[in-house]
Amino acid sequence: LAPAVAAATFGWKGVFIATAVAALFVAMASMRLEQAPKQKERNLSPKDSVTDSKDAGSSYKILFSIPSLSLYLCNSCDNFCKYILNAWLATMFVERYQVSAAEAGGWLAIVEAVGVVSRILAGMRDPLGEKFRWAASSATFLLQGAFLFLAFNAPNPKSCALFLTLYALCTGGHSVGFRPRYFETAPHLAGLLSGYGNTIASMASAMGPVVIGMLLGSKEGEDAESDDDDDERWNKVAWLMLTAALVGVAGAMGLQGVKHTKQV
């Protein structure tokens, strides 16, 4: 709910500016990483300078390799869908199914609780291991996309809540999927990898609710209150969520090339 709360306090313009500043810091850190070996050259022997330069070059190759970019994409797709749900599910229940805010909150509390339990249980066990991280996240994205598509096309709040609960039950799959890759890909670069990934994913988190707002905006002169119009508008959201999940599958497939890298 952070983007929605921040937008209500500072406006979406402020949210985008803050995100841009965060991205600027990441860019500055990247340049700093490249310049660090040059700054040490005066106090290092030629042999040490060559070694540091090679280490910096190797770090760049890891941070911007196809598996790492795939990791960032997985995180972005997951956050994109998650923050759309946080910002718009209550609106959908009230607007489409004509339920009270209290009833909508009750359904969504169940969904959130199931998601938390799923992540905790998945984090306690790791049956697939490092080799099949890509398979875990690929299957999770596929199932989540299907359940979200069904949820946004559900005819009543109970069936919608059921599909959302199944979606939440799958979230633990990412805990044994792409998320551990931040620490397994290159332990000595885990901070940079997670920093890049979370910064990019935060941009997706901020964009998701905005995109849905634009998608749901009613045209002037149309009856936005009709049931047919509501169904059509939320059906667009269903297709968007399914598309985001399929993009996540593509990102998860790219994790197959990840190799464990040790610090030398």
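Where does Ser-76 lie? Ser-76 is part of helix H3, and point 4 comes back to this residue.

1. Ground rules. The model is a predicted one, in which local features need pLDDT of at least 70, side-chain atom pairs count only at pLDDT 80 or more, and totals for chains, interfaces and linings use all residues. Residue numbers start from 1 along each chain as its sequence is written, and side-chain values use heavy atoms, with hydrogens and water left out.

2. The overall fold. The protein chain has ten helices and zero strands, and these are DSSP runs numbered from the N terminus (helices: H or I, at least four residues; strands: E, at least two). Along the sequence the pattern reads α-α-α-α-α-α-α-α-α-α. Of the 264 residues in the protein chain, 41% are buried; here buried means under 20% relative accessible area, exposed means over 50%, and partly exposed lies in between (1.4 Å probe, protein chains only). Among contacts with a separation of 6 or more, 80% are between residues 24 or more positions apart, a contact being heavy atoms within 4.5 Å.

3. Helices H3 and H4. Helix H3 (residues 66–97) packs on helix H4 (residues 101–124) at an angle of about 130°, and their axes are 9 Å apart. Axes are lines fitted to C-alpha atoms, for helices over the stretch in contact, and angles run from 0 to 180 degrees between N-to-C directions. H3 and H4 are therefore oblique to each other; under 35 degrees counts as roughly parallel, over 145 as roughly antiparallel, 65 to 115 as roughly perpendicular, and the rest as oblique. On the H3 side the contact involves Leu-89, Ala-90, Phe-93 and Val-94, which meet Ala-101, Ala-104, Trp-107 and Leu-108 of H4. By class this contact has eight nonpolar, no polar and no charged residues; Ala, Val, Leu, Ile, Met, Phe, Trp, Tyr, Cys and Pro count as nonpolar, Asp, Glu, Lys and Arg as charged, and the others, Gly among them, as polar.

4. Ser-76. Elsewhere in helix H3, Ser-76 counts as buried because its relative accessibility is 11%. Setting aside neighbours within four places in sequence, Ser-76 touches Ile-200, Ala-201 and Ala-204.

5. Helices H5 and H6. The axes of helix H5 (residues 133–152) and helix H6 (residues 157–170) come within 8 Å and cross at roughly 165°, so H5 and H6 are roughly antiparallel. Their crossing is left-handed. H5 contributes Thr-140, Leu-143, Gln-144, Phe-147, Leu-148, Leu-150 and Ala-151 to the contact, and H6 brings Cys-160, Phe-163, Leu-164, Leu-166, Tyr-167 and Cys-170. The tally by class is eleven nonpolar, two polar and no charged residues.

6. Two loop residues worth a look. Asn-156 sits in the loop between H5 and H6 and is partly exposed, at a relative accessible area of 32%. Its side chain reaches the backbone nitrogen of Lys-158 at 3.2 Å, and a polar atom of that side chain lies 2.8 Å from the backbone nitrogen of Ser-159. Gln-98, in the loop between H3 and H4, is 58 residues from Asn-156 along the chain, yet their C-alpha atoms are separated by 9.8 Å. With 63% relative accessibility, Gln-98 counts as exposed. Phi of Gln-98 is near 55°, a positive value in a residue other than glycine. Most residues other than glycine have a negative phi.

Conventions
Left-handed = near helix turned anticlockwise from the far one by under 90°. Polar contact = N/O pair within 3.5 Å; in protein donor to acceptor, adjacent residues only side chain to side chain.
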